[in-house]
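Dear colleague,

I am passing on the structure we spoke about, together with some notes on what turned up in it. Please look it over before reading on.

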Amino acid sequence: MRESIIDKINNTNINYSDEMIRIELIFSKAPIVEHFYVENFGLPATNMMTIEKYINDFLFIKYEYAGTYISVRDMRSSLKITEKDLNKNNKERLLLYYEFILNMISLLNRKLLPTDRYNKSSVNKLLNNIQIVLEKLNYRIVEKNNYFYIIEKDISSSAISEIYPELSDTIIEYRRFDLKGNLVAKRNILQTLSLKVEGIESKLKGTTYNPLVRDLKNLYNNLHIRHNNLGENPNNNIIEMDDKTLENWYDITYDTTLTALMICNYLDYHTKIDSLPNYYQNKN
């Protein structure tokens, strides 16, 4: 059976470079921002600009997450997401570029000069394209303090964030796409989560989940998380593994930790469920 155009659109594999270039055409090529100004003789005038140029000329200096970067070009060059870089068909580069674009659009919306305006249809198309691709790649967008992060979709992480809101930022941080390969950051996050587990592990002891407590202690104590298990003067067993293997164990520890937190929540429900017969009516 012949595929329709819609079928072809939905079934086409993602070409990361093509998707980035589509966004780039709207962001840095299309003059869709109308800037109003006063000419030398006091007459009002307008100038059509691209989003990138408008942000660079009027808004970037106000950007709270600019760090030491002095321009949009400076930031893009450092992050290796210039127009030339977008020709490289790379998933990590696409995610980094998308996160940059999302935050530039946020800056545009928050800091747009009162007299200026832009073509909202074009910006909506840009954002919709990003959303479609992220959906296919199993990523989602979260916002914190006017910054938009791209994180991997994960049902367990979302559930834990709702059950333990104090851990929400930590959970989001671990699932960030650009944390891959960052063992120091992952270790710090696991240290934070291990403290939470210490506070609730008493619920697991004496239950059928007691082996889970032992497993987590083993992971925390012997994977260079709680203690020094690498290099000189280790506190526990010395581990010998490359960074890729250690990162895989960190991910296992993260998933196991979420399992423990979820089970603790279930045990709270279990107590309530045990009391359910108190509500039954005696039919005799």
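How many salt bridges does the count come to? Bearing in mind that this is a predicted model, the count comes to 21 salt bridges.

One of them joins the side chains of Arg76 and Glu24, at 3.0 Å from N to O, and this pair links distant parts of the chain, since Arg76 belongs to helix H4 (residues 72–79) and Glu24 to helix H2 (residues 16–29), 52 residues apart. Arg76 is buried, with a relative accessible area of 4%, and Glu24 also counts as buried, at 4% relative accessibility.

Another salt bridge is formed by Arg117 and Glu34, whose closest N and O atoms are 2.7 Å apart; because Arg117 lies in strand S3 (residues 117–118) and Glu34 in strand S1 (residues 33–38), the pair ties together parts that are 83 residues apart in sequence. Here Arg117 counts as partly exposed, at 49% relative accessibility, whereas Glu34 is buried, with a relative accessible area of 16%.

Salt bridges also link Glu152, Asp154, Arg175 and Asp255 in a network.

Turning to helix H9 (residues 183–204), you will find a kink of about 40° centred on Glu198. The buried residues of H9 include Leu183, Ile189, Leu193, Val197 and Leu204, and what covers the buried residues of this helix includes helix H8 (168–174), helix H10 (210–222) and helix H11 (243–274). After H9 comes Gly206, which has a positive phi, near 80°.

Methods
Residues numbered from 1 in each chain as written. Predicted model: local features only at pLDDT ≥ 70, side-chain atom pairs only at ≥ 80, totals over all residues. Heavy atoms only, no water. Bend = angle between axes of the 7 residues up to and from the residue. Helix = DSSP H or I, 4+ residues; strand = E, 2+ residues; numbered from the N terminus. Buried < 20%, exposed > 50% of the residue type's maximum accessible area, 1.4 Å probe, protein only. Contact = heavy atoms within 4.5 Å. Salt bridge = Lys/Arg side-chain N within 4 Å of Asp/Glu carboxyl O.
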